[in-house]
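Please keep the model open while reading.

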Amino acid sequence: MNSKYGIAGKVWEIAYPVLMYYTAISIGILIAQMIFGGGNENYMLCKIIGSLIAIPVVFTDYKRDLMLTGRYKQKEVFTKETWINIGFVIMITLFLSVALNNIISMSPLVSMSQEYQDANDAFYGSTIGLELLGSALITPFLEELLHRGVVFGRLRRMMGVMPSVLISALIFAGLHFNIVQFIYAFLLGVVFALFMEKSKRLYPAVIAHIVANGLAVIRTETGFLAWTVDGSVLAWLISIVLLVVGCVGLSIYYKK
């Protein structure tokens, strides 16, 4: 995307949709908290309301970019190969999200970050139904619409693949205000951006984000796979193997 205002204009083209997103969702959450209360038990409900308010705001920029590139209302054709690729995206995301979640959880970072513990209490203070709806469906759609659909898409039209991937992942991670979620979001943000770069479509990144967040909710609320984060040699070994397999799978997927 060319800007007639040079570097400052290009920075604004990236910063503006992020600021609009953050403003819209913050106002939405604030209004919802005034109505339902601000405790942890109401946080996810308020986050859902804020996200629903932010979606049309972000979609305005996404639609504009699609129209500028001639891809608005472009018909999607789902072939057998498309579904196979979606299967690869899901499997790669499962391996990498489990591995990264395990390794970070077993590191000293979790106990060192009070901000992360507070965020975790808020995110998982509601019912599993609301958490799945909010964290595993609405939030992935909204965040991918912004970070991959708008931010990565605009960066990609300004520069090469890897700078776009890394900068978009940094912006994505920067909106997670603690070191634990920052690292996790940055690494998965790189993966999601590579999925979009390979497919030239948004939906693989959305699916991957849904899988990662959905699994996180299920693990937290049910204790599923708790034995893989107990700090044992077996837990570390399994996590490292999953990480290597996921990275190899991502490399094959991207290059094939």
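Helices α1 and α6 pack with their axes 9 Å apart and at an angle of about 170°; axes here are lines fitted to C-alpha atoms, for helices over the stretch in contact, with angles running from 0 to 180 degrees between N-to-C directions. That angle makes α1 roughly antiparallel to α6, a term for angles over 145 degrees. Helices are DSSP runs (H or I, at least four residues) numbered from the N terminus. The model is predicted, and local features need pLDDT of at least 70, side-chain atom pairs count only at pLDDT 80 or more, while totals for chains, interfaces and linings use all residues. Residues are numbered from 1 along each chain as its sequence is written, and side-chain values use heavy atoms, with hydrogens and water left out.

On the α1 side, Lys10, Glu13, Ile14, Pro17, Val18, Tyr21 and Ile25 meet Leu142, Glu143, Leu146, Val150, Val151, Arg154, Leu155 and Met158 of α6, where contact means heavy atoms within 4.5 Å. This contact has eleven nonpolar, no polar and four charged residues. Ala, Val, Leu, Ile, Met, Phe, Trp, Tyr, Cys and Pro count as nonpolar, Asp, Glu, Lys and Arg as charged, and the others, Gly among them, as polar.

Next come two pairs that involve α8. The axes of α3 (residues 80-106) and α8 (residues 179-199) come within 11 Å and cross at roughly 165°, so α3 is roughly antiparallel to α8. The residues in contact include Val89, Ile92 and Leu96 of α3 and Val180, Ile183 and Leu187 of α8. By class, the contact of α3 with α8 has twelve nonpolar, three polar and no charged residues.

Helix α8 also packs with α9, at an angle of about 150° and with axes 8 Å apart. That makes α8 roughly antiparallel to α9. Tyr184, Leu188, Phe192, Phe195 and Ser199 of α8 touch Pro204, Ala205, Ala208, His209 and Ala212 of α9. The residues of this contact divide into eight nonpolar, two polar and no charged.

What is the volume of the largest pocket? The value is about 1,100 Å³, the space filled by probe spheres set on grid points joined across faces, edges and corners. A pocket is an open set of points on a 1 Å grid over the protein atoms alone, where a 1.4 Å probe fits, with protein on both sides within 12 Å along at least five of seven lines; lining residues have an atom within 4 Å of a point. Of its 43 lining residues, Asn120, Phe123, Tyr124, His176 and Gln181 are the closest to the centre. The lining has 26 nonpolar, 13 polar and four charged residues.

How values were computed:
Angles under 35 degrees count as roughly parallel, over 145 as roughly antiparallel, 65 to 115 as roughly perpendicular and the rest as oblique.
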